[in-house]
Amino acid sequence: MSEHQTHRVAVIGGDGIGPEVTAAALRVVAATGVALETTEYDLGAARFLRDGFVLDDATLEELRGHDAILLGAVGPAIGDTRIPGGVLERGLLLKMRFGLDLYINYRPFHGVAGSLAAGTSFAIVRENTEGPYAGEGGTLRYNTAHEVATQGSVNTRFGVERCVRYAFERASALARPRLTLVHKTNVLTFAGNLWSRVVEEVGREYPEVAVDYNHVDAACIYLVENPARYGVIVTDNLFGDILSDLAGAVTGGIGFAASANLNPSKTGASLFEPVHGAAHDIVGTGRANPLAAVSSAALMLEHLGEMAAAQRLARAVTDFDGDVASLGTAGVTAQLIERL
Ligand code: NAD
Ligand code: IPM
Ligand code: MN
């Protein structure tokens, strides 16, 4: 992409530490010389509490028209009973993931010095539009002694295959191409069988990729004991959610973990956000680690075709050897900018 092209980016700082880490990421991006034309969208728990707005279809269409969306985090503090669970998660974040068909949640991890996974890199490719997140189910006889609640998992051949194919593409690009399907095929036999068959079938097109399978419970052991065994992990929406927080903790802390919600067919703007949430427990303390947001912005630059800047930014993050805890948000941001 030419140096003079500006990219139209929708920015949703959101709640808690979201605006803090997003502002830091935008300052670091500016230091790479890439010009972004940003439009701020005031969305999230604070906005909802003010005027009841979550995300309407018109705003979703506006977001779709951008080149990318950069998001901090949205959601109320845990225990805040003013907003029922799901109003923001389903109404805002999942509405964007589903509505913009962001069917891949790509989460790369690089073990920082001193972490359990120091020096190793792997990625989680999480299916991002189906599984238990699809919203299948409902409640009967609500709040009676006979209440029934069901919450099914939706797995389509189409959805699983496009996710698995993306994961194989990523895996085949590795120096040591390998892919691990993580599921629970011994219990979730219908969905597990579909995922296994699709991995086997698509895998035939990628003979260079070594394919492995772990049950999700065992994967929690291996991620802690031997994260170096993984290259690309492909898994469903819920397992991918849970494993990414574990992977974040193992590679140095959730404050380092980046993610890209991708629509590879580009029928909607892709969305880049840290794996972590609004972390209301540390908001305003200056202690939020901005590196997850910065790495997410690097993934955004890559998606925008700004390869050189994306690589410089990603390298600045992986080479970062300052003490994040003592430097804090401002200190880490300043050092990154200085190194760029
Ligand atoms: P969380 O990720 O916000 O926090 C979990 C723990 O990690 C907390 O102790 C927090 O202080 C710490 N932490 C998180 N990010 C950090 C950072 N950058 N630097 C240092 N420490 C960090 O998860 P939670 O407490 O379960 O959720 C809080 C709210 O955020 C909820 O409303 C939840 O729904 C929402 N959430 C939003 C997103 C998102 O917008 N993508 C993701 C996860 C959670
Ligand atoms: C994540 C978050 C979201 C998820 C929540 C906030 C809906 O935890 O991006 O990992 O479960 O996908
Ligand atoms: Mn999560």
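Me: Asp, Glu, Lys and Arg count as charged, while Leu and Tyr are among the nonpolar residues. In this predicted model, what makes up the shell around ligand 2 by class?

Reply: Five charged residues, two nonpolar and no polar ones. The shell consists of Glu89, Leu93, Arg97, Arg107, Arg126, Tyr133 and Asp241. Glu89, Arg97, Arg107, Arg126 and Asp241 are therefore the charged members.

Me: Which helix gives the largest share of the shell around ligand 2?

Reply: Helix α4, residues 87-99, with three residues.

Me: Why does the pair between Tyr133 and ligand 2 count as a polar contact?

Reply: The cut-off for N or O atoms is 3.5 Å. A polar side-chain atom of Tyr133 is 2.6 Å from an oxygen atom of the ligand, so the pair qualifies. Arg126 passes too, with a polar side-chain atom 2.7 Å from an oxygen atom of ligand 2. For Asp241 the value is 2.9 Å, again from a polar side-chain atom to an oxygen atom of ligand 2.

Me: How much of ligand 2 does the protein cover, and where does this ligand sit?

Reply: On its own, ligand 2 has 320 Å² of accessible area, and the protein covers 78% of that. Ligand 2 sits in the second largest pocket.

Me: What makes up the shell around ligand 1?

Reply: By class, 13 nonpolar, five polar and three charged residues. Of the 21 residues, Pro76, Glu89, Glu273, Gly277 and Ala279 are the closest. Gly277 is one of these, and glycine counts as polar. Strand β3 (68-73) and helix α4 each supply at least two residues of this shell.

Me: Why is the pair of Phe109 and Phe122 called stacked?

Reply: Ring centres must lie within 6.5 Å, and stacked needs planes under 30 degrees apart. Here the values are 5.5 Å and 25 degrees, so both conditions hold. The count is four aromatic pairs. Phe109 lies in β4 (residues 104-110) and Phe122 in β5 (residues 121-127), so this pair ties together parts 13 residues apart in sequence.

Notes. Residues numbered from 1 in each chain as written. Chains lettered and ligands numbered in written order. Predicted model: local features only at pLDDT ≥ 70, side-chain atom pairs only at ≥ 80, totals over all residues. Heavy atoms only, no water. Near = heavy atom within 4 Å. Polar contact = N/O pair within 3.5 Å; in protein donor to acceptor, adjacent residues only side chain to side chain. Areas by Shrake-Rupley, 256 points an atom, 1.4 Å probe, with all protein chains shown as cover. 1 Å grid on protein atoms, 1.4 Å probe; cavity = no way out; pocket = protein on both sides within 12 Å on 5 of 7 lines; lining within 4 Å. Sits in = over half its atoms within 2 Å of the grid points. Helix = DSSP H or I, 4+ residues; strand = E, 2+ residues; numbered from the N terminus. Phe/Tyr/Trp six-rings, centres within 6.5 Å; stacked < 30°, edge-to-face > 60°.
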